[in-house]
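Reader: I've got a protein model open and I'm a bit lost. Could you walk me through how to read it, one feature at a time?

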Amino acid sequence: HTVHSEEQQISGFDIVVAADVLVYFGNLNTVLETFAKVSSPGAALIFSCERATEEEAPLGYRLLSSGRFAHTKKHAVDAASGAGYDLV
């Protein structure tokens, strides 16, 4: 969060948790970059997603019959790392 006052400015979340959220996004790059913009340096990102294999999802994600997206591990890791997060 960002708090502005005449005396101080505090910026960024220390942790972002997206449980059962990313299944509503196909390509994760933009949403994870947005999370990074509102995070403080070194912030943690914790998320869940439905898993797809590279064979099932050559783009890194695929729309399931449920209307939710499944993602490959590579796409999720690459998107998070591209946004500046470190895998732990």
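Reader: Let's begin on the outside. Which residues form a nonpolar patch on the surface?

Author: A patch is built from residues with over 30% relative accessible area and no salt bridge, where like charges are joined within 9 Å and nonpolar side chains (Val, Leu, Ile, Met, Phe, Trp, Tyr) within 5 Å. Here Ile 15, Val 17 and Ile 46 make up a nonpolar patch, with about 280 Å² of accessible area together. Such areas come from the Shrake-Rupley method with a 1.4 Å probe, and for residues only the protein chains shown count as cover. Ile 15 sits in strand 3, residues 13–18.

Reader: Before going on, what sort of model is this, and how is it numbered?

Author: It's a predicted model, so local features need pLDDT of at least 70 and side-chain atom pairs count only at pLDDT 80 or more, while totals for chains, interfaces and linings use all residues. Residues are numbered from 1 along each chain as its sequence is written, and side-chain values use heavy atoms, with hydrogens and water left out.

Reader: Is Ile 15 buried, exposed or something in between?

Author: Buried means under 20% relative accessible area, exposed means over 50%, and partly exposed is in between (1.4 Å probe, protein chains only). Ile 15 has 46% relative accessibility, so it counts as partly exposed. For the protein, buried residues make up 32% of the 88 residues.

Reader: How many helices and strands does the protein have?

Author: Helices (H or I, at least four residues) and strands (E, at least two) are DSSP runs, numbered from the N terminus. This protein has two helices and seven strands, and along the sequence they follow the pattern β-β-β-α-β-β-β-β-α.

Reader: Now for the inside. Which residues of the largest nonpolar core touch the most other members?

Author: In soluble globular proteins, nonpolar side chains tend to be buried together. A nonpolar core is a set of buried Ala, Val, Leu, Ile, Met, Phe, Trp, Tyr and Cys residues joined through side-chain atoms within 4.5 Å. The largest one here has 13 residues, and Leu 22, Leu 28, Val 31, Leu 32, Phe 35, Leu 45 and Tyr 85 touch the most other members. Strand 3, helix 1 (29–37) and helix 2 (73–82) are the elements that give two or more residues to this core.

Reader: What does Leu 22 touch?

Author: A contact means heavy atoms within 4.5 Å. Leaving out residues up to four places away in sequence, Leu 22 touches Leu 28, Val 31, Leu 32, Phe 35, Phe 47, Ser 48 and His 71. His 71 belongs to strand 7, residues 69–71, and at 1% relative accessibility it counts as buried. Across the protein, residues 24 or more positions apart account for 55% of the contacts with a separation of 6 or more.

Reader: How many salt bridges are there?

Author: A salt bridge is a side-chain nitrogen of Lys or Arg within 4 Å of a carboxyl oxygen of Asp or Glu. By this rule there are three. Arg 68 pairs with Asp 20, their closest N and O atoms being 2.5 Å apart. That pair links distant parts of the chain, 48 residues apart: Arg 68 is in the loop between strand 6 (61–63) and strand 7, and Asp 20 is in the loop between strand 3 and helix 1. Arg 68 also forms a salt bridge with Glu 50, at 2.6 Å between the closest N and O atoms. Glu 50 is in strand 5 (residues 50–51), so this pair ties together parts 18 residues apart in sequence. Asp 20, Glu 50 and Arg 68 are therefore linked in a network of salt bridges.

Reader: Is Arg 68 buried or exposed?

Author: Arg 68 is buried, with a relative accessible area of 18%. Glu 50 counts as partly exposed at 27%.

Reader: And where is the other salt bridge?

Author: Lys 74 and Asp 78 meet at 2.6 Å, N to O. They are four residues apart in helix 2, so about one helical turn separates them.

Reader: What is the phi of Asp 20?

Author: Most residues other than glycine have a negative phi. Asp 20 has a positive phi of about 60 degrees, although it is not a glycine.
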